Amino acid sequence: MEDTTIKNGVKSGRINKIRIDKIEDAFTSARAAIYPETVADYVEAIERGDEFPPIIVFRDGDAKNWRADGNHRIEALKRAGREEIEAKILIGTEEEARLYAASSNISHGRPRSLACGKYWTSVSA
């Protein structure tokens with residue numbers, strides 16, 4: 001993806017801190033649910049000072065941030081009382097965020113379950 005300047009001087013593909021409450025909570029997740037045990041593990045890690053990789057969001061022309069990867073990290077940071085998260089911001093639409101989400105967690109994070117596959121099929125149809 002090309003490194004193009006977008007609103008507020010943010011560049012596509014760069015790591016930026018963004019407010020968690022500015023991330024759209026839409027059907028861009030590849031998950032059927034948030035797993036409480038994973039969130040609890042992440043909260044413990046955050047409180048120990050562990051660092052996580054940035055989440056991925058797609059920012060559209062209206063400056064909406066569509067989450068594409070990082071649901072459990074977002075939830076853990078909320079529960080830990082944090083208001084910001086590091087995010088790699090890519091220029092794109094909600095639909096592009098969905099497509100990215102469909103391929104996320106193949107090589108990292110919590111493996112997807114059969115329920116996640118059924119969920120993805122139902123929201124992308």
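These legends walk through several close-up views of a predicted model.

Local features are described where pLDDT is at least 70 and side-chain atom pairs where pLDDT is 80 or more, while totals for chains, interfaces and linings use all residues. Residues are numbered from 1 along each chain as its sequence is written, and side-chain values use heavy atoms, with hydrogens and water left out.

**View 1**
Let's start with the open space: the largest pocket has a volume of about 310 Å³. A pocket here is an open set of points on a 1 Å grid over the protein atoms alone, where a 1.4 Å probe fits and protein lies on both sides within 12 Å along at least five of seven lines. The volume is the space filled by probe spheres set on the points, which are joined across faces, edges and corners. Lining residues, those with an atom within 4 Å of a point, number 14 in this pocket, and F52, L77, R82, I85 and E86 lie nearest its centre. Helix α2 (71-79) and strand β5 (84-91) are the elements that give two or more residues to this lining. The largest share, three residues, comes from β5. Helices (H or I, at least four residues) and strands (E, at least two) are DSSP runs, numbered from the N terminus. By type, the lining holds seven nonpolar, no polar and seven charged residues. Nonpolar covers Ala, Val, Leu, Ile, Met, Phe, Trp, Tyr, Cys and Pro; charged covers Asp, Glu, Lys and Arg; the others, Gly among them, are polar.

Have a look at R73 in helix α2. R73 counts as buried because its relative accessible area is 9%, and the cut-offs are under 20% for buried, over 50% for exposed and partly exposed in between (1.4 Å probe, protein chains only). A polar atom of the R73 side chain lies 2.7 Å from the backbone oxygen of P53, and one lies 3.1 Å from the backbone oxygen of P54. The side chains of R73 and D69 are joined by a polar contact of 3.2 Å. Such a contact is a pair of N or O atoms within 3.5 Å; within protein, one must be able to donate a hydrogen and the other to accept it, and residues adjacent in sequence count only if both atoms are side-chain atoms. D69 belongs to strand β4 and is buried too, at 8% relative accessibility.

**View 1. The largest nonpolar core.**
This core has 15 residues, and I18, I23, I55, V57 and I85 have the most contacts inside it. A nonpolar core is a set of buried Ala, Val, Leu, Ile, Met, Phe, Trp, Tyr and Cys residues joined through side-chain atoms within 4.5 Å. Helix α1 (36-48) gives the most, with four residues. Apart from this core lies another, of six residues, including I56, F58, W66 and A97.

**View 2. Helix α2 under cover.**
Seven of the nine residues of α2 are buried, namely N71, H72, R73, I74, E75, A76 and L77. Their cover includes β2 (23-24), α1, β3, β4 and β5. Just after α2, G81 takes a positive phi of about 80°.

**View 3. A63 in its loop.**
A63 sits in the loop between β3 and β4 (65-69). Its phi is near 65°, a positive value in a residue other than glycine. With a relative accessible area of 32%, A63 is partly exposed.

How values were computed: Contact means heavy atoms within 4.5 Å.
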